[in-house]
Amino acid sequence: MSTSRIVEETPPGPPDDEPHESPSPPRTAVPGWVPFVAGSAGMLAVGSYRITAVSMDWDEGATISAAGRSVGQILGLAGHVDGVITPYYLLIHFWTGIFGTSDLALRAPSLIAMALGVGLVGELGRRLIGPATGLVAALICVAIPALSYYSAQARPYALAFALATLSTLALYRAVDRPSWGRWSGYAGCLLLTGVVHILAGTVLVAHLIIVGIRWYPRRDRALLRMLPVAGAAVVALGPLVVLGSRQQQIQLAWVTTPTWRDVAAVPERIMLSPQVAFLLGALALVAAAVRRRRTAAELAALALVPVGLMLLVSLAVPVWVPRYGTFALGPLAILAASAVTAPARPPVALRAAVVLGLLAVEALPAQIVTRQTHTSPDARGMAGVIEARAVPGDGLVYGDFAWSLRPTMEHYLGRHAWSPPARAPRDLLLTDDAARLDSLDARECVDTAACLRDTRRIWLVTPLHPGHPLDNGTPKMVALRARYTIAGTWTRDQGMISLLVRRG
């Protein structure tokens, strides 16, 4: 069979009101295995490009801190903060025990998960509409800047994307042949999705809508088997939900109630590119007009309902952060791809080439930015500044956001070969390690002046801020300013290093 062209696709099988699993899908120029393989390989290639170019960011500092703890300490942390991310921390703990704690090792699970997730988007598109749609959907995902960004971040969002897509694929398998075995498999996938990121579990609401759409015309009672198995998954996730709700005030204290302006900005903030958001939104609207109503409605539910639910909940309890909706981009990509592959003129291959080329051009600026800087301190560069200029006896003091700066700086300072070892600066104010406190924040000396002792030179690590580095008025900075002058300042992205020299 020739593979030199892509043909137009119309979803095979019976009308919209009849669920089915087509035993013999129509011939196309795209083999059935291509969407998964091409999507996974494409995401692996794009996501791995300069994957370690940017140093670990704010939230990755929490991952570094948690991954280096024992299992008992990680569980202890869960009782105070980041409880809903504990399964991810445990995964990274065991992963780094095997592969080490380099930037690449820490980010590799996200890269692998995102590559598999994009491949699963391709497979889902193939199953729902056809191989050409699956292939185009997977390539759309490869181009979306947000998916590349989270494939290179040591956080759980790539895993949530992959598992939410897998649970949707398992749902359609169960809908096509609603045996208890398939429904149980679906429940397992749904449970894993919620375990990795509890808010990704909102995909269940979209799944209920899909089952309702499929059940209504023929009242197939086998489809109602979803209810007990999904209910069992929800019950199993109950403790994690309760833990997350108790910690919401701590973990998401910085999140505000969404406004209409926030709602209008949702597409570009999820995708990290307004141009990409506009193009995919326009294609989705075209698909709604040219594709079967049921197919378009189900994909729209998967793309819109979880995000809408999070926004709605946030009116009472603010939980909405755009990155939490990343898992909804897969269904949106399939919906957009279905517009490209719909029966029409010119040929699908030409339309796909034009759309994917335009998408690549529109996405390129954001793809470049995500590989150049994050809105976080460049801890790697800051550690390099210290290593190049440190002398034996130097001290180290952290300013604001020490919960993240301390573990990331330790991560990079520990990678330098200090010769002699006495050149490595000592953390002057540290009295209790964060792991011992079941916290992300370490305990620092209350009497700053006493703990500074007679240290002649101190490296002050702070977030980048306007004005004098010692000017924020905290007791720590007041004590430093009274005894030290600034001999030099270096900025690295959103971070600042100041060399303080004792007066006299």
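**Helix, sheet and cysteines**

Modeller: In this predicted model, helix α16 covers residues 329–340, which makes twelve residues, and its first and last C-alpha atoms are 17 Å apart, close to the 16 Å expected at 1.5 Å a residue.

Colleague: How many of the twelve residues of α16 are buried?

Modeller: The buried residues of α16 include Leu 329, Pro 331, Ile 334, Ser 338 and Val 340. The helix is mostly covered, and the number of its buried residues is twelve of twelve.

Colleague: Which residue of β5 stands opposite Val 397?

Modeller: Both faces of β1 are covered, with Gly 395 and Val 397 buried on one side and Leu 396 and Tyr 398 buried on the other. Gly 395 has its bridge partner in β2, namely Arg 426. In β5, the residue opposite Val 397 is Leu 460.

Colleague: Which helix makes a β-α-β unit with β1 and β2?

Modeller: The two strands β1 and β2 run parallel. The unit they make with the helix of residues 402–413 is right-handed, and that helix is α19.

Colleague: Why is the disulfide of Cys 445 and Cys 451 right-handed?

Modeller: A search of the whole structure finds one disulfide. The bond joins Cys 445 to Cys 451 with an S to S distance of 1.9 Å, and both cysteines are buried. The disulfide is right-handed because the torsion about its S-S bond is about 75°.

Colleague: How far from the sulfur of Cys 189 is the closest cysteine sulfur, in Cys 141?

Modeller: Cys 141 is buried, with a relative accessible area of 0%, and Cys 189 also counts as buried, at 14% relative accessibility. A disulfide requires the two sulfur atoms to be within 2.5 Å. The separation of these two sulfurs is too far for a bond, at 18 Å.

Colleague: With which residues is Thr 168 in contact, leaving aside its neighbours within four places in sequence?

Modeller: Thr 168 lies in helix α8 (residues 157–176). The residue has a relative accessible area of 3%, which means that Thr 168 is buried. Its contacts beyond those neighbours are Leu 124, Val 203, His 207 and Leu 302.

Colleague: How many contacts beyond near neighbours in sequence does the stretch of residues 12–27 have in the model?

Modeller: The mean pLDDT of the protein is 91, and 94% of its residues reach 70 or more. Over residues 1–5, however, the pLDDT is below 50, and that stretch has six contacts beyond near neighbours in sequence. Residues 12–27 also have pLDDT below 50, and the number of such contacts for this stretch is 31.

Notes. Residues are numbered from 1 along each chain as its sequence is written. This is a predicted model: local features need pLDDT of at least 70, side-chain atom pairs count only at pLDDT 80 or more; totals for chains, interfaces and linings use all residues. Side-chain values use heavy atoms; hydrogens and water are left out. Buried means under 20% relative accessible area, exposed over 50%, partly exposed in between (1.4 Å probe, protein chains only). Helices (H or I, at least four residues) and strands (E, at least two) are DSSP runs, numbered from the N terminus. Two strands pair if DSSP finds at least two bridges between them. A crossover is right-handed if, with the strands pointing away from the viewer, the path from the first strand over the helix to the second runs clockwise. Contact means heavy atoms within 4.5 Å. The expected span of a helix is 1.5 Å times one less than its number of residues. pLDDT is the predictor's confidence in each residue, from 0 to 100.
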